[in-house]
Amino acid sequence: MTDAGSRNDDAASWEQRWHPLREEWVIVAAHRQQRPWTGNTVSAPPAPAVAYDPGCYLCPGNARVSGAVNARYASTFVFDNDHPCVGPDAPPEVAAPRPPYRAAPALGVARVVCFSPRHDLTLAEMPPAAIGDVVDVWRGQTRELGARPEVRQVLCFENKGEIVGVSNPHPHGQIYATSFVWKTFDIELGASERHERDTGRGLMADIIRAEQQDERRVLHEDQHVIAFVPHFARYAYEVYVVPKRRVAHVFELRDAEVASLAGALSAVTIRFDNLWRMSFPYVMVLHQAPFNAPDGGDYGAFHFFIAFHPPLRQPHLLKYLAGPEIGGGNFVSDTSPEAKAAELRAQAPLHYKHA
C-alpha cells in the first residue's frame, strides 16, 4: 500500500473522508472543481478607504441605532448588541406546543467586539500584538460570561465579508452567551469523550499528530500553536488554528500561547488575503467547551481551537449548500484539501499591501 503522505494530491480527490470531530463522512470530489459554471458569480467589494467613517456605527465616538454613543476607544471595544438574537429580556417561560414538539427559552447575552478603531483594517492587516488584544477580549468575555450560572455556552465568532451577510466592513466579531449548548460543540464534545475513552488519547492531539506526520496541509507551526487545512476539510480553504496544549476554553491559555495564537491568526489571514489579493471572506469560530454541566461533570476532553470556514472555492465562485448538504446531511467538497493547502502554503508571509 502506498503511504498517504507520498500519494499524488489528485489521486485521492474522489473519496469519502471521515470527519472525527463531527463523526460524519465528507465526500471529496475535487474533479468537480473545473466543471462548467454559468450561474451567478460574486465580486469583492472595494476596501474601505478611510480610517474613520463618520457614518459607521462601530467607529469610535459615533452613535448607534439604539442612541448609545461608542467610546472613543483606541484598541478594542465591547458593547451589548443592539439587535440580539438571545438576550436577558427574552421570555423566561414559553408556552408548551403539542407533542412531539418542544420549546424552551432563548436566554442569553449578545455582544459586539470591535477589533480595532481603524475602519479600514482587518485581522490580516493588524499586527500580531493587536490581534493578541482581541484574543484577550475573548479570554475575558468567555471567563466573565461563562461564570454566570445560567450560561451553558459562550460562542465567539467573526463573519467577514458581504457574501456571508456582513454589511459593515469595520473589523468586528460577536459573542453569544446562551442558556443552551450549540449543536456543533455538543457533537465535538461527545466525539472527544468517546475517543479518549476508547484510546486513552485526546482526539485533537491525534489529529495534530496526523497533520504533522503528513506535513502537506500544515500552514504554520511554532512551539505552542499549529494551523492546517484538515484532512477532512468541508470548505475549500478551511483552516484550523489549534493550541498544542489541550485547554477547554480560550481563557485557559498562557500568555506565551496567546502570543503564538495571535501570530498564527495573523499568518493564516495574511495567506488568505494574498491568495487572490483581496480581503478574503470567511466565518471564523472559536470552538470552546460548554459551561455549567447539569450533572456536575467536567469538559476536560474538549480541546479548544479556532476554525475558519471560507465560502469561496474560486475567486468569484461560492460553495453553495445544496441537495447533498441540506437534504442529505453530508458535505461534498469540490476541492482537494492537499491542493488548497498547497496554494495557501505558497503565499508570501507578508501582506500584499505591504510588500
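Is Glu-325 buried or exposed? Glu-325 is buried, with a relative accessible area of 10%; buried means under 20% relative accessible area, exposed over 50%, and partly exposed in between, for a 1.4 Å probe and protein chains only. The legends below concern a predicted model, in which local features need pLDDT of at least 70 and side-chain atom pairs count only at pLDDT 80 or more, whereas totals for chains, interfaces and linings use all residues. Residues are numbered from 1 along each chain as its sequence is written, and side-chain values use heavy atoms, with hydrogens and water left out.

**View A. Salt bridge between Glu-325 and Lys-319.** The two side chains meet with an N to O distance of 2.8 Å. A salt bridge is defined here as a side-chain nitrogen of Lys or Arg within 4 Å of a carboxyl oxygen of Asp or Glu. Lys-319 is likewise buried, at 13% relative accessible area. The structure holds 26 salt bridges.

**View B. Salt bridges of Arg-217 with Glu-211 and Asp-214.** The closest N and O atoms of Arg-217 and Glu-211 are 3.0 Å apart, and both of these residues are buried. For Arg-217 and Asp-214 the N to O distance is 3.6 Å. Arg-217 has a relative accessibility of 3%, and Asp-214, at 13%, also counts as buried.

View C. Cys-59 is buried at 0% relative accessibility, and Cys-114 is buried with a relative accessible area of 0%.

**View D. The largest nonpolar core, of 53 residues.** A nonpolar core is a set of buried Ala, Val, Leu, Ile, Met, Phe, Trp, Tyr and Cys residues joined through side-chain atoms within 4.5 Å. Trp-138, Val-239, Val-241, Leu-265, Ile-306 and Phe-308 touch the most other members. Helix 4 (residues 255-276) gives the most to this core, with 9 residues; helices (H or I, at least four residues) and strands (E, at least two) are DSSP runs, numbered from the N terminus. Beyond its neighbours within four places in sequence, Val-241 is in contact (heavy atoms within 4.5 Å) with residues including Leu-261, Leu-265, Val-268, Ile-306 and Phe-308.

**View E. Stacked aromatic rings.** The structure holds 19 aromatic pairs. Rings of Phe, Tyr and Trp (its six-membered ring) pair if their centres lie within 6.5 Å; planes under 30 degrees apart count as stacked, over 60 as edge-to-face and the rest as tilted. The ring centres of Tyr-73 and Phe-77 are 5.0 Å apart with planes at 15°, so this pair is stacked. Tyr-73 and Phe-77 are both buried. Phe-272 and Phe-280 are also stacked, with centres 4.7 Å apart and planes at 15°, and both are buried. Ring pairs link Phe-272 and Phe-280 into a cluster with Tyr-237, Trp-276, Tyr-282 and Phe-308.
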